[in-house]
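Have the sequence and the coordinates side by side before reading on.

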Amino acid sequence: MDLYAIVAGDKKIIRHAHLKKTRHAAIRQQQRNIPDFVIEMILRYGAAQNAQDGCTSFSLNKQSRRQLEQFLGRTAYSKLNEYFNYYVVVAADDSIVTAAPIN
């Protein structure tokens, strides 16, 4: 499935299904036991914020969580609750740099 998100500010469209992961991102994802679908969910529904070095950080804010709940339904949404406090960083070249829990 092609997943899309619009990065606020420059209206850049990112095609998430085609994003590559850096080696660092793949290692951190494995160490933190973050499934691929969680990264796709955060990129699809998450709010974008500018990060360092031209990167963009995505996370689920209140509004994006409501949209996600409407899409998934209440039961599925509640089962994924443990993954809502993560963020994903995407570089300017559209590669996933890292994914981590929000502290």
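Y83 is buried, at 14% relative accessible area; buried means under 20%, exposed over 50% and partly exposed in between, using a 1.4 Å probe and protein chains only. The model is predicted, so local features need pLDDT of at least 70 and side-chain atom pairs count only at pLDDT 80 or more, while totals for chains, interfaces and linings use all residues. Residues are numbered from 1 along each chain as its sequence is written, and side-chain values use heavy atoms, with hydrogens and water left out.

Rings of Phe, Tyr and Trp (its six-membered ring) pair if their centres lie within 6.5 Å; planes under 30 degrees apart count as stacked, over 60 as edge-to-face and the rest as tilted. By this rule there are four aromatic pairs. One of them is F37 with Y83, edge-to-face at 6.0 Å centre to centre and 80 degrees between the planes. F37 lies in helix α2 (residues 36-45) and Y83 in the loop between α4 (74-79) and β5 (86-90), so the pair ties together parts 46 residues apart in sequence. Helices (H or I, at least four residues) and strands (E, at least two) are DSSP runs, numbered from the N terminus. F37 is partly exposed, at 42% relative accessibility. F37, Y83 and Y86 make up one aromatic cluster.

The ring centres of Y45 and F71 are 5.7 Å apart with planes at 40 degrees, so this pair is tilted. Y45 belongs to helix α2 and F71 to helix α3 (residues 62-72), so the pair ties together parts 26 residues apart in sequence. Y45 is buried at 12% relative accessibility, whereas F71 is exposed at 56%.
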